[in-house]
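Take a look at the protein chain and its ligand below. Then read on for a short tour.

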Amino acid sequence: MQNIENKVVLITGASSGIGAATAKVLAAHGAKVVLSARRKDRLQQLAAEIGENAAYLASDVTRLDDMKALTALAKERFGKVDVLFANAGIMPGSSMSERKVNDWMAMIDINIKGVLNAMAAVLPEFLAQKRGHIIVTSSIAGTKSVPGNAVYAGTKHFVRAMLDSFRTESVMENTNIRTTTIYPGAIKTELLDTIAPSETKSQVEAFYQRVGLEPDVIADAVLYAIAQPDNVDVSDLAIRPSREG
Ligand SMILES: NC(=O)c1ccc[n+]([C@@H]2O[C@H](COP(=O)([O-])OP(=O)(O)OC[C@H]3O[C@@H](n4cnc5c(N)ncnc54)[C@H](OP(=O)(O)O)[C@@H]3O)[C@@H](O)[C@H]2O)c1
């Protein structure tokens, strides 16, 4: 696989699910990975498993200073940043009529502002080196209406529209920054843990158990996007179970 060896990749949401699986797959192909999430013990364990090509920082995407510290760590340990995989996210789904305002705001803080904080931290590096790649995890929920998950769907539509607009700006400004938006369907991770117990939650869990894919399929998609030649921008990739409607 070309164009992956020795690339330095920052991964937010690396303590479980898609982020952790991606860290392992990229490192196995010769990348250096810089892991971010709040649960330090998980990051420590994953970094130990990967070995010398991994660094980690317990960090919160809602804090711009944490994202700047993550970028600084990448430069200190590996000398540069090539790719940002802005992947951290939560999905405490509920219907709007329940008015779970704290959950709405948390999703906006993490799924939207968290992506922007990470981008703000790496962009000075990318602009200075006239090269970079930003990969964001949206969702199939970012492509359609999702009753019972309206705010989550809104956050995932935001990252889609923002990153594609940024892609066009990058072309106009000749900055040589590639972008990829990933749209996963049902993937078996810890994402459903933040939904409050309800009949709907049980139905979603049963559906994920029945048809959900392992996070490796998303890791492979991230690897594919990064490994393309520099003049190829894999801008959008939707990956869902073949049994998901
Ligand atoms: N699983 C699916 O079916 C699916 C489908 C479509 C899209 N997605 C998206 O995929 C992404 C990854 O989710 P996942 O499915 O892998 O679920 P997951 O296993 O729950 O992983 C979520 C990750 O986000 C991190 N995170 C949450 N809040 C954070 C914060 N404030 N600061 C830093 N990190 C934070 C978590 O780490 P800590 O708790 O340790 O901070 C964890 O590493 C999310 O954006 C999600 O919306 C998932």
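Of the 68 residues in the largest nonpolar core, L10, A23, V33 and L35 touch the most other members. Such a core is a set of buried Ala, Val, Leu, Ile, Met, Phe, Trp, Tyr and Cys residues joined through C-beta atoms within 7 Å. Buried means that 20 or more other C-beta atoms, placed from the backbone, lie within 10 Å of a residue's own. In soluble globular proteins, nonpolar side chains tend to be buried together.

This is a predicted model: local features need pLDDT of at least 70, side-chain atom pairs count only at pLDDT 80 or more, and totals for chains, interfaces and linings use all residues. Residues are numbered from 1 along each chain as its sequence is written.

L10 has contacts (C-beta atoms within 7 Å). Leaving out residues up to four places away in sequence, L10 touches partners including V34, L70, F85 and V122.

Now the whole chain. Buried residues make up 44% of its 245 residues. Its C-alpha atoms fill a box of roughly 50 × 40 × 35 Å, taken along the principal axes.

What surrounds the ligand? The shell holds 29 residues, and G13, G17, R38, R39 and G89 come nearest. A residue is near if its C-beta atom lies within 6 Å of the molecule. The shell divides as follows, with Ala, Val, Leu, Ile, Met, Phe, Trp, Tyr, Cys and Pro as nonpolar, Asp, Glu, Lys and Arg as charged, and the others, Gly among them, as polar.

| Class in the shell | Residues |
|---|---|
| Nonpolar | twelve residues |
| Polar | twelve residues |
| Charged | five residues |

Key. A residue is buried if 20 or more other C-beta atoms lie within 10 Å of its own, exposed if 12 or fewer, and partly exposed in between; C-beta atoms are placed from the backbone. Two residues are in contact if their C-beta atoms, placed from the backbone, lie within 7 Å.
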